[in-house]
Amino acid sequence: MIRLRRAICEQLPQLKEACHALEVPTKKHQLQNARQPTLEWILPSAVAQREREVLNAVKDHPFDCAYIEGVNVVSSSGRSAAKVEFQLRPQAFVEQLLKAKQNPADVPISHPEHIVVEFSSPNIAKPFHVGHLRSTIIGNVLANLHQHLGYRTTRLNYLGDWGTQFSLLALGVQLNNVTDQQMQASPIETLYASYVAANKAAEESPEIAQRARDLFASLEAGTDENMAKQWQKYRKYTIEDLSKVYQRLGVHFDSYEWESQYSQKQIQQVLDKLRNAGLLQRELDGREVVVVDGRRIPVIKSDGSTLYLARDIAALLERLSRLEFTRHLYVVDNGQADHFNALFKTASALDERLNLEQLQHVKFGRIHGMSTRQGKAIFLKDVLDEARDIMREKRNLSATTRENQSLDDELVCDILGVSAVLVNVLKQRRQRDHEFSWQQALQVNGDTGIKLQYTHCRLHSLLDNFKEVQLEDIKPDWQHFVQEPTDALDLLYELARLDQSLWQSKQQLEACVLVNYLFGLCNATSRALKRLPVKLEGCRHKQSQRLLLFHAAKRTLQQGMQILGLRPLDQM
């Protein structure tokens, strides 16, 4: 469909930004247009003031007749915005959707913008728990969407490893006499246990609390070389351990970065710049603060050590110089809204290269009730293991599960379990709090990740039975689909909605838009599979056209699932 969209939008400057905004009409409007393939452009508010000029320019323009059959303009009326209906040549429409071999010219246009997405970002002093799941998978989908749509995209994981709580962690390692072998074997659990032990000891002994503060001061000043080397090791082991969970979630990063990269020693220049600009003000107790929206927010403590906001300002300005981004998205929970408001306003006031439109806090609510059946859920790994184990039990109890020696059952169960957890979270509006339910997440018939995997497997099995058919040699035929039951055209139009769903998901920064599109695609596919049999069809032409339709359905579903971070299965 990209080529059809370009045929419309590359012709007029007024349509330059409309490529992905073109929409396939609803079924009701399709019926009004006698099911003629159509793309609609609803004039955005930015263009509405020039409505007559724009509509006349579009109406009078000679579009490429190989793709466009006619243009109909509809003026605004009451609450209904003006729109343009582009009537497509049906044969060109079906060929663009169903041709088995994709043309390099059909990929999205590359954008000059560079998008940085910071997501996941756990602290190494705390377990990688279910609270990090939402940031990790929402950020991954947003990065995948931007990349798919042609944006240059950088994925950052900014790990917390600095501040007084981390000196407690380092002290805990000493108090527990943790060996390098123990740390390497299970770094996240070991660091967490060390932090808990030291925190408890510090509560009972002021001397230990002071030791922790002194240790952090020496770390920040760079005077404890041995501890700094140990810290480097802890970070390396942590990334290796985290990578195992990220791999299961279908997540990867272009860069792992650390809060400790922006300790006081490294960011002195930024602090001086804040003072010189009059943005950093000294309090009577020795602290230094910035004033944002009338609130006095600490940046430097009275002992001279930096706070989180100081390090984030330095990190943002350093990334601007190094990455030269157009937009920077921070995928972090709702509770950090005040922090990001202070960060964005202070950094943009300090550096004229930055403006507030470039920076966005992508907020999300909490997940409640995500624990194992024993009620434990300290580590996300435990939840993913539980999902895998439940799927194994379900498969063992299912009457339809057949023994297959070529199938890695453990891997299949893990992929199914992860798919169930991811989709159950991603299908929610991100700013809402979400009550997790194992029963809902693992249903086959409901709107779940299992449903997506099951539909993909059905399509793969069907196409595998006809793998000797050379689909590249078959020309899609519009007249055939007009004569088929209406389920065929319903599925065709659902396939055509992929581009707009991806764009809307990106524009709203909402993974649920894409998830709900894929549920609709699965439903349309299921109805078509019932009404359009392939194996029992005696007519070769009908059979080959239906194979093209289901091949396109599988390709589209696979593409959408991969953008969500899922690994589409061929068998389950």
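Let's start with a sheet. Three strands make up an open sheet, ordered β7-β8-β9, and their pairing is antiparallel. The edges belong to β7 and β9, each of which pairs on one side only. Keep in mind that this is a predicted model.

Take the pairs one at a time. Strand β7 covers residues 281-282, and it pairs with β8 in the antiparallel sense over two bridges. Look for Q281: V289 in β8 stands opposite. How many residues lie between β7 and β8 in their hairpin? Five. In that turn sits G286, with a positive phi of about 95 degrees.

Now the other side of β8. Strand β9 runs over residues 295-300, and β8 and β9 pair in the antiparallel sense over five bridges. Here V292 faces R295: the two stand opposite each other. β8 and β9 also form a hairpin, with two residues between them. D293 is in that turn, and its phi is positive, about 50 degrees.

So what about β8 itself? Is it enclosed or open? Strand β8 spans residues 288-292, and four of its five residues are buried, so the rest of the structure largely encloses it. Part of the setting is helix α14, residues 337-350. Helix α14 lies across β8 and β9, and runs at about 90 degrees to β8.

Strand β3 is residues 83-88, and it pairs with β1 in the antiparallel sense over five bridges. I42 stands opposite K83 in β3.

On to helix packing. Helix α11, residues 225-248, is our reference. Helix α9, residues 187-204, packs against α11 at an angle of about 125 degrees, and their axes are 8 Å apart. That makes α9 oblique to α11. Which residues of α9 and α11 meet? From α9 come P187, I188, E189 and L191; from α11 come Y234, Y237, T238, D241 and L242. By class, this contact of α9 with α11 has six nonpolar residues, one polar and two charged.

The next partner of α11 is helix α7, residues 164-175. The axes of α7 and α11 come within 12 Å and cross at roughly 95 degrees. These two helices are therefore roughly perpendicular to each other. On the α7 side we have F166, L169, A170, V173 and Q174; they meet M227, W231 and Y234 in α11. The contact of α7 with α11 divides into seven nonpolar residues, one polar and no charged. Notice Y234: it is listed in the contact with α9 and in the contact with α7.

Helix α6 is residues 131-148, so 18 residues, and at 1.5 Å a residue it should span 26 Å. The C-alpha atoms at its ends are 27 Å apart, which agrees. Is α6 mostly covered or mostly open? Mostly covered: 15 of its 18 residues are buried. After α6 comes G150, with a positive phi near 95 degrees.

Now a loop. P485 lies between α19 (478-483) and α20 (486-496). Its relative accessible area is 23%, so P485 counts as partly exposed. Leaving out residues up to four places away in sequence, P485 touches R531 and L532. And how far is P485 from E288? The two are 197 residues apart in sequence, and 72 Å apart in space, C-alpha to C-alpha.

Last, step back to the whole chain. There are 23 helices and 13 strands. The C-alpha atoms fill a box of roughly 85 × 65 × 40 Å along the principal axes. The chain has 572 residues, and 54% of them are buried. Take the contacts with a separation of 6 or more: residues 24 or more positions apart account for 74% of them.

Notes. Residues are numbered from 1 along each chain as its sequence is written. This is a predicted model: local features need pLDDT of at least 70, side-chain atom pairs count only at pLDDT 80 or more; totals for chains, interfaces and linings use all residues. Side-chain values use heavy atoms; hydrogens and water are left out. Buried means under 20% relative accessible area, exposed over 50%, partly exposed in between (1.4 Å probe, protein chains only). Two strands pair if DSSP finds at least two bridges between them. Axes are lines fitted to C-alpha atoms, for helices over the stretch in contact, and angles run from 0 to 180 degrees between N-to-C directions. Angles under 35 degrees count as roughly parallel, over 145 as roughly antiparallel, 65 to 115 as roughly perpendicular and the rest as oblique. Contact means heavy atoms within 4.5 Å. Ala, Val, Leu, Ile, Met, Phe, Trp, Tyr, Cys and Pro count as nonpolar, Asp, Glu, Lys and Arg as charged, and the others, Gly among them, as polar. The expected span of a helix is 1.5 Å times one less than its number of residues.
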